[in-house]
Structures are given as C-alpha cells and as structure tokens.
Amino acid sequence: MNKLSGAEKGAYHGTSPGKKLVIVTTVPDTLELILESQPQFLNGFYQVVVVSSAPQRLAAFAQKEGVDFDVVPMNRGISPFEDINSIVQMYRVLRKHRPDLVHSYTPKAGMVSAIAGFFARVPVRVHTFTGLIFPYCSGVKKFILKQIDRVICCLNTHIVPEGEGVKQTLAPLCHKPLKVIGYGNIAGVNLMHFNPSEPEVVARAAALKSELGLCGKTVFCFVGRLNNDKGIKELCDAFLTLDPQKNALLIVGGLDDENPVDVQTLQKLQLSPAICLLGFQPDVRVALLAADVFVLPSYREGFPNVVLQAGAMAKPALVTDVHGSNEIVQQGVNGWIVPVRDSQALSAQMQMIGGMTQSELAEVGRQALALVHDRFERSFYQRQLLAFYQDILS
C-alpha cells in the first residue's frame, strides 16, 4: 500500500484522526476486489469502520485492513421487508458509532445508508454511483429503481458519480452538485500487483500460451461474467469471422446467474477450437498477459475496472462506445472504440488488429499503460479521495 509521509499528511489540514468514517457496501466483494487497501490508507487520517454483509468475510477483510467493522445484512434484489430490517440495523450501527461521514457504494447499500444516515443525523452522507441501472430497464422495475436513486440523491449530502458518463445520466435526476473524483473510477489500480514484468506472472502466461497453442496467433481476451449485456453474442459472432489459424479468443469468467448469455451463443463458444473458455480465474493477470488485446463489447458500463487492469498489464483495449469505456480508451492511441451491438464493426476492427505487427500492438499497449499510470494509479486516486473528504469535512 502507498503511504504518505508525515509532511504530506500535514498538508491535508482538514483531516483529523479523531473524526470517524463509515464505509458501506452491500456485500464484501466490493471491499475485497475493488476497495482493497483504501480503508487502511484512510485509517491513517480517520477512524474507519467498514459495514457490509457476510460476517466472516467482513471480519477477515477488516482485520487485514486494520479497521473496525460492523455487520448489516443486505439483499441485492428488491425485497421490501428485508430492506426495512436492513435500514433499522444500519440505523443502530450508525447511532452506535456516531460517524462524522458515511460513504456508501452499490445501490442497495446506498438506499439503506441514505435512509438510516438521514434519521441517525450523520452530518456528512456520501454515495458513489458506480453505474445506473434504471435507464436500461422498463416498466415497474424501471420506476422502482428510479425512485430509489431519487431517494439516494435526496437524502445524501454529497453525490459522487464514478465517471463523467454516469454524471451526465444522473444530472436530470439529481439536483445537487455532482463531483467526479480524479479522472473517475472508485479505487484506482494497484500497479505493483498489475505488473506486466512480474516474473511469476510472465512465466505462467508463457506456459498458458504454450499449453493452448496460442504462439504466433493474435490473441483477444475477454474478462467478465458471461452476461448478455456484456456483448458476448456480438463478440462471438465477430470472432467467428476471423481465421482460426491466426487468431484466438480467451474468455475468463463464469456464466452469469441473473442475465446469462443465450444458449445458442454459449454453444458456439464451446464448439469453436479457437475459443478457450477458462472459467472463473482468481488471478486475471495471467490471461491478460497471455493476450495481445483486451476486448469488452458491453452494452453498458459505469467505469470498468477491467479495462484499467488490462491497461496496467500493457494491453490495448477494444471497447464499445459506452460510458466509462469511452472515458478510458482514446481511439487509436491506447485502444479502439466501436459502436454498441454492432458485430460487423467489431469484426472489422478485429480484422484490422489481426493485421498489425506485434511491435505495433505493443506500442498501443505501452500507451495504455502510460495512461493508467498517469490517471488511474491507486495512490493517486487515494490522495484525490482524501482531498475530497478534507473539503467536505472542513
């Protein structure tokens, strides 16, 4: 973890170890996979408490970070009776800790902590929107989700969109100032972990390429749940137009439970000898390093961490023109952007990439790494977040 010197700590004159900060997520996954090291960093300036579901995992995370914790069960789905119970328990937790600031991430945690924080009279209440779901829904579900987001905006004192795209979409719904921290994202990338020169990862990536017969081919890589909204159908259709002797596709991720890719597409993926379904991988660095290009043809995003992770591994990204992705990728500089749901455009771009030399692809990858280093490195983001807290608590 990156730490500030004593002189640097003193520069943040509005902070005080005596003030208390509560960080809330619906489930510990957000803490473990995305916000890892952030509570520990902030604990040098505040008394930090993390609140989420799953007691054992939360306790392990809190111990690792060196912070306090409290458990509030929260259900990701729409469940009124369980939500009321969550709000009551969150109220009790906030009255117990009496924080100066509560900061929530993820939709359900946002709703629960907004209502509980308001009635518990927490002075500063912040929610980060990591993406909006209601614009992509319809009917009753859209109405309910939109009203929940209205409540979150109304009852919190500060609203943080994860990126400029989320900010633009949220603006008509939220009549408060919207502050994007840094260049977007909610945590930054740990460049010590996502290091394309790490000897062990380099060796494992070379072994994977050899095992799968990828040497000499242009290798594309997708990382994410096999969710219909990730554009897996278009990716499959586009890739199958390429020469299987010269190209390969690695797919890292398991089948999504809520909105899985259609059966026909899944069968095509399974039958193609040039497509390697690796399933869930606890360490995505190996697959990213074994590839030449990362591809994310999704229909919607908030601010995709995996595009940043690919860039940190010096891999260019081929993405669709959606919020977040188009804030990271600069056309022809560190990657390429194609229209959403357009398998023909995706195929044409993949054909073009397949015609590039390894040195040309490596140069685009170097640009991807440089952008992540300059704008999205973890310690940079953490300093920006600390400055944001300093401003609103002063």
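Is the crossing of α6 and α7 left-handed or right-handed? In this predicted model, the crossing of these two helices is left-handed. The axes of α6 and helix α7, which spans residues 139–155, come within 9 Å and cross at roughly 45 degrees. The two helices are therefore oblique to each other. On the α6 side, the contact involves Pro107, Gly110, Met111, Ala114, Ile115 and Phe118, which meet Ile148, Val151, Ile152 and Leu155 of α7. Sorted by class, the contact of α6 with α7 has nine nonpolar residues, one polar residue and no charged residues. The spacing of such positions may be read against the geometry of the helix. An α-helix has 3.6 residues a turn, so residues three or four places apart point the same way.

The loops on either side of α6 were also examined. Thr106 is found in the loop between β4 (101–105) and α6 (107–119). This residue, Thr106, has a relative accessible area of 16%, and because buried means under 20%, Thr106 counts as buried. Leaving aside residues up to four places away in sequence, Thr106 touches Thr25, Thr26, Thr30, His127 and Thr128. Arg121 lies in the loop between α6 and β5 (124–129). With a relative accessibility of 71%, Arg121 counts as exposed. Its phi is near 60 degrees, a positive value in a residue other than glycine.

A positive phi also occurs at Asn185, where the value is about 80 degrees although the residue is not a glycine. Asn185 is placed in the loop between α8 (164–170) and α9 (199–212). Its relative accessible area is 2%, and Asn185 is thus buried.

A further helix pair is formed by α10 (residues 232–239) and α15 (residues 343–354), whose axes come within 8 Å and cross at roughly 50 degrees. That angle makes α10 oblique to α15. The crossing in which α10 passes α15 is right-handed. Glu234, Leu235, Asp237, Ala238 and Phe239 of α10 make the contact with Ser343, Leu346, Ser347 and Met350 of α15. By class, five nonpolar, two polar and two charged residues take part in the contact of α10 with α15.

Helix α13 (residues 305–312) packs with helix α16 (residues 358–375) at an angle of about 115 degrees, and their axes are 7 Å apart. Here α13 passes α16 in a left-handed crossing. The contact is made by Leu308, Gly311 and Ala312 of α13 together with Ala368, Leu369 and Val372 of α16. The contact of α13 with α16 has five nonpolar residues, one polar residue and no charged residues. Helix α13 is mostly covered, with eight of its eight residues buried. Among the buried residues of α13 are Asn305 and Gln309, as well as Val306 and Val307. Just after α13, Ala314 takes a positive phi of about 65 degrees.

The largest nonpolar core has 64 residues, of which Phe220, Phe294, Val307, Leu318 and Met350 touch the most other members. Not counting residues up to four places away in sequence, Phe294 touches Cys221, Phe222, Val223, Leu288, Val306, Val307, Ala310, Pro316, Ala317 and Leu318. A second, separate core of 34 residues includes Val72, Val102, Ala114 and Leu170. Ala114 of α6 is also one of the residues that meet α7, while Met350 of α15 takes part in the contact with α10.

Conventions: Residues are numbered from 1 along each chain as its sequence is written. This is a predicted model: local features need pLDDT of at least 70, side-chain atom pairs count only at pLDDT 80 or more; totals for chains, interfaces and linings use all residues. Side-chain values use heavy atoms; hydrogens and water are left out. Axes are lines fitted to C-alpha atoms, for helices over the stretch in contact, and angles run from 0 to 180 degrees between N-to-C directions. Helices (H or I, at least four residues) and strands (E, at least two) are DSSP runs, numbered from the N terminus. Angles under 35 degrees count as roughly parallel, over 145 as roughly antiparallel, 65 to 115 as roughly perpendicular and the rest as oblique. A crossing is left-handed if the near helix is turned anticlockwise from the far one by less than a right angle, and right-handed if clockwise. Contact means heavy atoms within 4.5 Å. Ala, Val, Leu, Ile, Met, Phe, Trp, Tyr, Cys and Pro count as nonpolar, Asp, Glu, Lys and Arg as charged, and the others, Gly among them, as polar. Buried means under 20% relative accessible area, exposed over 50%, partly exposed in between (1.4 Å probe, protein chains only). A nonpolar core is a set of buried Ala, Val, Leu, Ile, Met, Phe, Trp, Tyr and Cys residues joined through side-chain atoms within 4.5 Å.
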